[in-house]
Amino acid sequence: MGADPPEGLQAGLKNRHLSMIAIGGVIGAGLFVGSGAGIAAAGPGILISYALTGLLVVLVMRMLGEMAAASPTSGSFSAYADRALGRWAGFTIGWLYWFFWSVVLAVEATAAATILTGWVPAVPQWAWALLVMIVLTGTNLVSVGSFGEFEFWFAGIKVVAIVVFLVVGALAVFGLPPGDHAVGLSNLTGQGGFLPHGPGAILSGMLLVVFSFMGSEIVTLAASESPNPVQAVRKAVSSVIWRIALFYLGSIAVIVTLLPWNDPAVRKSPYVAVLESLDIPYAGTVMDVVVLTAVLSCLNSGLYTASRMAFSLGERGDAPKSFATVNKGGVPAVATWASVAFGFIATIFSYTSKDTVFQFLLNSSGAVALFVWLVICFSQLRMRRDIERNTPERLTVRMWLYPWLTYATIGLIVFVVGYMFYDPDGREQMVLSVVAAVVVLAVGLVLDRRRPREAAAGDGAAAAREAARPVKR
């Protein structure tokens, strides 16, 4: 007889995998490509937009780290919302998060295909999109270690690229080779000043950059599949400040210092524009390779994240039970295939109905990051009291100035949400995202009402057992 199949997710991620996922998780393709739109909207003041958004992420990650260190789980904030706020909250935010990353699969597959088609135009773009989806689906289905290995190298390339860019750019700022003269502050204060479009542009910039930070929370999901999840969460939370300061603020500061913010090349591709201004050979090709790596990394992580959230929803009875089953490698294969299937459908729409159906999918998932952060804040307020009362020894990571800083973070997120309703460019995205959230919430409430009381009681007992389960430190 063969060996029994594994009962759940396996601890197949090594410490180096978790470390690189934590470091590279905040570096998405949006930083390399999307930052140009933010610079055009806010000028050099985009640095304040990045700083405020980065502060928001640091605070939210601290709250999430507090909960994750006390109770590591594949469902992360969705499971904590289920426990702290109610089943409706865990169901809603879990499915919205799955929806977001499933749409991201289509976005990243299309972006990768665009680059690859430029290199090999003989292969149709849709074929490249299909190929990258198939390859990364295969690596995710083999084992979590296979995902971790791919992500380790993807993230490593991104980190090296940013570090080299920072070093080269910093030398050029001070007039050292490859630069030919010190640029000083002329590009920061000239061309209309530091805030050429006024202080309100800082908020507009935040709306453009806030979603490029989505992904910082992935390490708290992945930690549950590592040998020492609590230690992994501690390291990730402790390092998030310098990661954001170095990779985001550092690289954007180099761009707006070396080049005028209103240079058309900056809007199109800011990193390429800087390298070409310094006469770096093959700058466009080099950055295409880096962007492709970032895109594949995001696609790889998105598939992993969507499948683990679906797995957690299945475990809690909020998705088909088959989602909670795993294959011989300890991978939730059904949950993975379900996520890939939705990603494939969205990819097809990106070619057949780009300006209608696909745009609707993008807009209706666009504000999920803000919803996730709000749920994390409210969950932490409730769970902190429960942890202090029942298992205070698990409180190894603490939110600063609790509860006042949590309240302040909630206020800032609500302010950004309100501004999105006010801003013409963000209004449609926020309205459609709210509609999507209301629909998912309504489905969750209906399903919860139909649930037999006995099953609900059983789920409550399971949650209590999970809260009391000892965790490896």
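The buried residues of helix H4 pack against H3, helix H5 (87–119), helix H10 (218–222), H14 and H17. The model described here is a predicted one.

Helix H4 is mostly covered, with 8 of its 9 residues buried. Those buried residues are Ser76, Phe77, Ser78, Ala79, Tyr80, Ala81, Asp82 and Ala84. Just after H4 comes Gly86, which takes a positive phi of about 130 degrees.

Thr73 counts as buried because its relative accessible area is 14%, and buried means under 20%. Leaving aside residues up to four places away in sequence, Thr73 touches Ala79, Tyr80, Thr220, Leu221 and Ser224. Two of these contacts, Ala79 and Tyr80, are also among the buried residues of H4.

**Helices H6 and H15**

Two packed helices are described by the angle between their axes and the distance between the axes. For helix H6 (residues 125–142) and H15, the axes come within 11 Å and cross at roughly 170 degrees. The two helices are therefore roughly antiparallel to each other, since angles over 145 degrees count as such.

On the H6 side, the residues that meet H15 are Gln125, Trp126, Ala129, Leu130, Met133, Ile134, Thr137 and Leu141. On the H15 side, they are Ala333, Thr336, Trp337, Val340, Gly343, Phe344, Thr347 and Tyr351. An α-helix has 3.6 residues a turn, so residues three or four places apart point the same way.

Helix H15 covers residues 333–352 and includes Thr352. Thr352 is exposed, with a relative accessible area of 58%. The side chains of Thr352 and Ser353 are joined by a polar contact of 3.5 Å. From Thr352 to Pro72 the distance is 41 Å, C-alpha to C-alpha, and the two are 280 residues apart in sequence.

**Aromatic rings**

A pair of aromatic rings is described by the distance of the centres and the angle of the planes. The structure holds 18 aromatic pairs. One of them is formed by Phe147 and Tyr304, which are stacked at 4.2 Å centre to centre with 5 degrees between the planes. This pair links distant parts of the chain, since Phe147 is in helix H7 and Tyr304 in helix H14, 157 residues apart. Phe147 is buried, at 1% relative accessible area, and Tyr304 is buried at 0%.

Another pair, Trp242 and Phe247, is tilted, with 6.2 Å centre to centre and 55 degrees between the planes.

| Charged residue | Ring | Distance to ring centre |
|---|---|---|
| Arg16 | Phe152 | 4.7 Å |
| Arg384 | Tyr402 | 4.4 Å |

**Backbone features in the loops**

Tyr402, whose face lies under Arg384, is joined to Pro403 by a cis peptide bond with omega about 0 degrees. Pro403 lies in the loop between helix H17 (368–390) and helix H18 (404–422). The peptide bond from Pro177 to Pro178 is also cis, with omega near 15 degrees. Pro178 belongs to the loop between helix H7 (144–173) and helix H8 (186–189).

Positive phi values occur in residues that are not glycine as well. Gln191 has phi near 55 degrees and sits in the loop between H8 and helix H9 (200–209). At 41% relative accessibility, Gln191 is partly exposed. Tyr282 likewise has a positive phi, of about 55 degrees, and is placed in the loop between helix H13 (270–277) and helix H14 (283–315). Tyr282 is exposed, with a relative accessible area of 67%.

Conventions. Residues numbered from 1 in each chain as written. Predicted model: local features only at pLDDT ≥ 70, side-chain atom pairs only at ≥ 80, totals over all residues. Heavy atoms only, no water. Helix = DSSP H or I, 4+ residues; strand = E, 2+ residues; numbered from the N terminus. Buried < 20%, exposed > 50% of the residue type's maximum accessible area, 1.4 Å probe, protein only. Polar contact = N/O pair within 3.5 Å; in protein donor to acceptor, adjacent residues only side chain to side chain. Contact = heavy atoms within 4.5 Å. Phe/Tyr/Trp six-rings, centres within 6.5 Å; stacked < 30°, edge-to-face > 60°. Lys NZ or Arg CZ within 6 Å of the ring centre and 35° of its normal. Axes fitted to C-alpha atoms, helices over the stretch in contact; angles between N-to-C directions. Parallel < 35°, antiparallel > 145°, perpendicular 65-115°, else oblique.
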